Amino acid sequence: MSNKEQKLMTPYLQFNRSQWAALRNSVPMTLTESEVARLKGINEDLSLEEVAEIYLPLSRLLNFYISSDLRRQAVLEQFLGTNGQRIPYVISIAGSVAVGKSTTARVLQALLSRWPEHRKVELITTDGFLYPIKVLNERNLMKKKGFPQSYDMHRLVKFVSDIKSGVPNVTAPVYSHLTYDVIPGGDKTVNQPDILILEGLNVLQSGMDYPHDPHHVFVSDFVDFSIYVDAPENLLESWYINRFLKFREGAFTDPDSYFHNYAKLSRDEAVETATRLWREINWQNLKENILPTRERASLIMTKSANHAVDCVRLRK
């Protein structure tokens with residue numbers, strides 16, 4: 001098979017930045033420059049131009065999908081002769097540590113909540129479903145934090161299943177990046193949103209990723225649209241190191257920070273430490289557990305320097 005034929009056989013439609021930006025189709029910008037500044041991560045460049053050219057077309061596409069899903073629900077209600085309960089539309093966002101998943105999630109939440117339909121959009125990160133540090137230490141998993149075995153997947157799957165079933169007042173545990181642990185008693189209540197955005201390393205994983213804990217239902221079974229935020233490995237490593245350096249000057253200086261000792265490192269020591277953490281933990285997790293899930297996504301956003309998306313692949 002020729003390269004041209006192989007390209008035609010791909011399950012994805014591919015767009016460069018300008019082709020994707022053209023699909024905005026006059027959707028108005030609903031965020032201000034100051035709002036965009038508040039939404040971006042600690043180590044990211046996020047401009048109004050990026051929101052306009054990448055995220056507005058994506059929010060337009062999602063709005064079409066959500067409207068179609070609501071019509072499908074109405075057809076089912078008509079068939080059954082019932083007035084069904086509100087079933088949230090679930091969007092998942094996956095990708096490596098330091099790729100900018102959280103920023104993507106926050107921007108989409110802001111944009112989708114400002115469409116004329118005024119839909120209620122909730123955002124949950126799967127960090128809250130990590131086992132507490134005490135449990136990870138007991139199981140000798142601290143160096144595997146973020147790997148499949150470090151999550152309480154049964155609790156996460158039940159949460160998403162309850163949300164997708166229309167159950168009111170579902171609670172999710174909340175994670176603190178300061179203490180590097182789940183906040184005891186800090187649960188967040190999610191009450192029948194129109195849209196749930198679920199962001200995390202593990203939202204595209206399935207049975208093959210959990211041989212240590214076999215079960216039959218996974219987060220991905222309840223997701224309506226999935227996004228994978230991608231970037232070359234050399235950029236991911238540099239973004240991780242730069243983020244570590246910024247934390248060293250900021251959050252790590254807090255005496256309550258789990259990583260407070262890192263604040264005392266010299267710059268060279270901090271770079272060396274971050275590089276080691278990346279290569280021993282986060283890179284291994286990326287190669288073994290995260291990257292293999294990329295081709296399961298509905299849409300893949302690939303970033304280049306400065307966190308700018310230069311390619312979008314959309315499943316046909």
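Reader: How many bridges join strand 10 to strand 11?
Author: Strand 10 (residues 299-303) is joined to strand 11 by 5 bridges, and the two run antiparallel; strands here are DSSP runs of E with at least two residues, numbered from the N terminus, and two strands pair if DSSP finds at least two bridges between them. This is a predicted model, in which local features need pLDDT of at least 70 and side-chain atom pairs count only at pLDDT 80 or more, while totals for chains, interfaces and linings use all residues. Residues are numbered from 1 along each chain as its sequence is written, and side-chain values use heavy atoms, with hydrogens and water left out.

Reader: Which residue stands opposite Val309, and which one takes a positive phi in the hairpin?
Author: Val309 in strand 11 has Lys303 opposite, and in the hairpin of strands 10 and 11, with 5 residues between the strands, Asn306 takes a positive phi near 65°.

Reader: What pairs with strand 11 in the antiparallel sense over 5 bridges, apart from strand 10?
Author: Strand 1 (residues 12-16) does, pairing with strand 11 in the antiparallel sense over 5 bridges, and there Gln14 stands opposite Arg313.

Reader: Is strand 11 enclosed or open, and why?
Author: Strand 11 (residues 309-315) is largely enclosed by the rest of the structure, because 5 of its 7 residues are buried, where buried means under 20% relative accessible area, exposed over 50% and partly exposed in between, with a 1.4 Å probe and protein chains only.

Reader: What order do the strands take in the sheet?
Author: The 7 strands form an open sheet in the order 1-11-10-9-2-8-3, with mixed pairing. Strand 1 and strand 3 (121-125) stand at the edges with a single partner strand each, so one side of each is left without a neighbour in the sheet.

Reader: And where is the parallel part?
Author: Strand 2 and strand 8 pair in the parallel sense over 5 bridges, and Ile91 has Ile197 in strand 8 as its bridge partner.

Reader: Switching topic, what does UniProt list for "binding site"?
Author: The unreviewed UniProt entry lists Gly95, Ser96, Val97, Ala98, Val99, Gly100, Lys101 and Ser102, although such annotations may be inferred rather than shown by experiment.

Reader: Where is Ala98, and is it buried or exposed?
Author: Ala98 is found in the loop between strand 2 (89-95) and helix 5 (101-112), and it counts as buried at 11% relative accessibility. Leaving aside neighbours within four places in sequence, Ala98 is in contact (heavy atoms within 4.5 Å) with Leu236, Trp239, Tyr240, Arg243 and His307.

Reader: What about Ser102?
Author: Ser102 lies in helix 5 and counts as partly exposed, at 31% relative accessibility.

Key:
Helices (H or I, at least four residues) and strands (E, at least two) are DSSP runs, numbered from the N terminus.
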